[in-house]
Amino acid sequence: MEFLSGKHILVGVCGGVSAYKSAELVRVLRRAGAQVRVVMTASAGEFIGARTLQALSGEPVWQRWSDDRSGMQHIELARWAERILIAPATADRLARLAQGRADDLLGAVCLACEAPLAVAPAMNQAMWRHPATQHNVSVLHERGVQVYGPDEGEQACGDVGPGRMQEPQVLAQALADSFQHGLLAGLRVVVTAGPTREALDPVRYLSNRSSGKMGYAVATAAREAGATVELVSGPVVLPAPAGVRLQRVESAQEMLEAVLPLARASDLFISVAAVADYRPATVAPAKIKRQAADRVLALEPAADILAAVAALPTAPFCVGFAAETGDLRQNAQKKRLSKGVAMVVANLVGPGLGFETEDNALLLVWEGGQLQLEKDTKYRLAVRLIAQIAARYRLSALNVVEPHAKHSTENTR
Ligand code: PMT
């Protein structure tokens, strides 16, 4: 969200149940460092108080033409705004925008403003699906208006379907992205994260200690660098990173099936997940009973997702991770060659290292070079890592071979 710092955001609030979320939106934008001014429609006042928005934005709230003492307030607001986001945007507001009406202050500001306009629709699902609304949305699309959402789900009226306003965090992230010309802008990135679970019987499984923190940080950093990010995650307790499409899976086989179609259409594949190398050769249909004698568990190799993606005829640029207990550099180079990938990111694992922790330290190895990223939070390391991946990706796209081995240490603090 750093891209919002100091930016002038005009939030338009219309009359709908989700207007209560506008208060949180204003708060999130302010916390991200943006300057926020709010223009409310007359009916918005029936759903949320102007004083709330005034307190949260730290600015007067504009509601009616009568607030426009100079007679030119709509022009001043239009010139001030670097982005306008109307949230919630009702069906009526979309229709007014499509027609270019200026019979209220918000409409006039939108017409007078040359900065990008975004809308976050919120309405009953039937109203959203109605051909009239869909026509208005396509008119706005053609004019370059950004349409954020709507989300699907349960609605205030009891219906279920599309029409829920996107969450304030998601909207703020989308606005931040609109200011950003990131290192991965326009690229499609698939990231895996977390552990896999390999079933032994209906209640037991083989797994590992991966918390997903490293993978989710990488997905977040790739998103912030402007990529479209698909995150395929094993079972973890982390929320989906803002602006990232998340698919949850359990086993290595499920992860493979989710990843392959996405990877075929992607530019980069970053395999952070701690995927099982072996799975039980058979899954017992009923809970295995305790017995006095020793029990031997037969295992068979699980799908090697990274190797499978790297072997695709039009493989994306592949980055693997290597969890090692020693000799990072040698093991990472070996893994890079055996998996057939461009880069391997090695980290030491053990008590207090790698798995589950907040911090990590990474050794990046590629053909002819390596780079040490010293201990830092997983998010800050992910940001540095994405910058390195972007640089190597661009070189590989240009078919540039680096002339000599490079060994360096980057202190990421
Ligand atoms: O999730 P956290 O708690 O934050 O911990 C982060 C982490 C330690 C899990 C992460 O930083 C990490 O090291 N991930 C890779 C762990 C691992 O399984 O390494 P590996 O050496 O077994 O696998 C090498 C590579 O092949 C990895 O990119 C892995 O995703 C991939 N792989 C492995 C096995 C398999 N069956 N399929 C795969 O695709």
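Tutor: Gladly, and please keep in mind that this is a predicted model. A polar atom of the D201 side chain lies 2.8 Å from the backbone nitrogen of V203, and the side chain of D201 also makes a polar contact of 2.5 Å with the side chain of R204.

Student: Where is D201 found, then?
Tutor: D201 is found in the loop between β10, residues 198-199, and β11, residues 205-206.

Student: And is D201 buried or exposed?
Tutor: D201 counts as buried, because its relative accessibility is 3% and the cut-off for buried is under 20%.

Student: What does D201 touch, leaving out residues up to four places away in sequence?
Tutor: On that count D201 touches V283, A284, A286, K287 and I288.

Student: Switching topic, how do β7 and β8 run, and how many bridges join them?
Tutor: Strand β7, residues 151-154, and strand β8, residues 160-164, run antiparallel and are joined by four bridges; E154, for instance, has V160 in β8 as its bridge partner. The hairpin has five residues between these strands, and G158 takes a positive phi near 100 degrees there.

Student: Which residues other than glycine have a positive phi?
Tutor: Among them are D327, with phi near 40 degrees, and E356, with phi of about 70 degrees. D327 is placed in the loop between β17 (317-324) and α12 (328-339), while E356 lies in the loop between β18 (343-348) and β19 (359-366).

Student: Why do D327 and E356 count as partly exposed?
Tutor: D327 has a relative accessibility of 47% and E356 has a relative accessible area of 40%, so each falls between the cut-offs of 20% and 50%.

Student: Okay, zooming out, how many helices and strands does the chain have?
Tutor: The chain has 13 helices and 21 strands, and its C-alpha atoms fill a box of roughly 80 × 60 × 40 Å along the principal axes. Of its 413 residues, 50% are buried, and the accessible surface comes to about 19800 Å², with 51% of that belonging to carbon and sulfur atoms.

Student: Last one, how far apart are the mean positions of the positive and negative charges?
Tutor: The chain has 44 positive and 41 negative charges, and their mean positions are 3 Å apart.

Key: Residues are numbered from 1 along each chain as its sequence is written. Side-chain values use heavy atoms; hydrogens and water are left out. Helices (H or I, at least four residues) and strands (E, at least two) are DSSP runs, numbered from the N terminus. Buried means under 20% relative accessible area, exposed over 50%, partly exposed in between (1.4 Å probe, protein chains only). A polar contact is a pair of N or O atoms within 3.5 Å; within protein, one must be able to donate a hydrogen and the other to accept it, and residues adjacent in sequence count only if both atoms are side-chain atoms. Contact means heavy atoms within 4.5 Å. Two strands pair if DSSP finds at least two bridges between them. Accessible areas come from the Shrake-Rupley method with a 1.4 Å probe; for residues, only the protein chains shown count as cover. Lys and Arg count as positive and Asp and Glu as negative; His and the chain ends are not counted. The place of a charge is taken as NZ of Lys, CZ of Arg, CG of Asp or CD of Glu.
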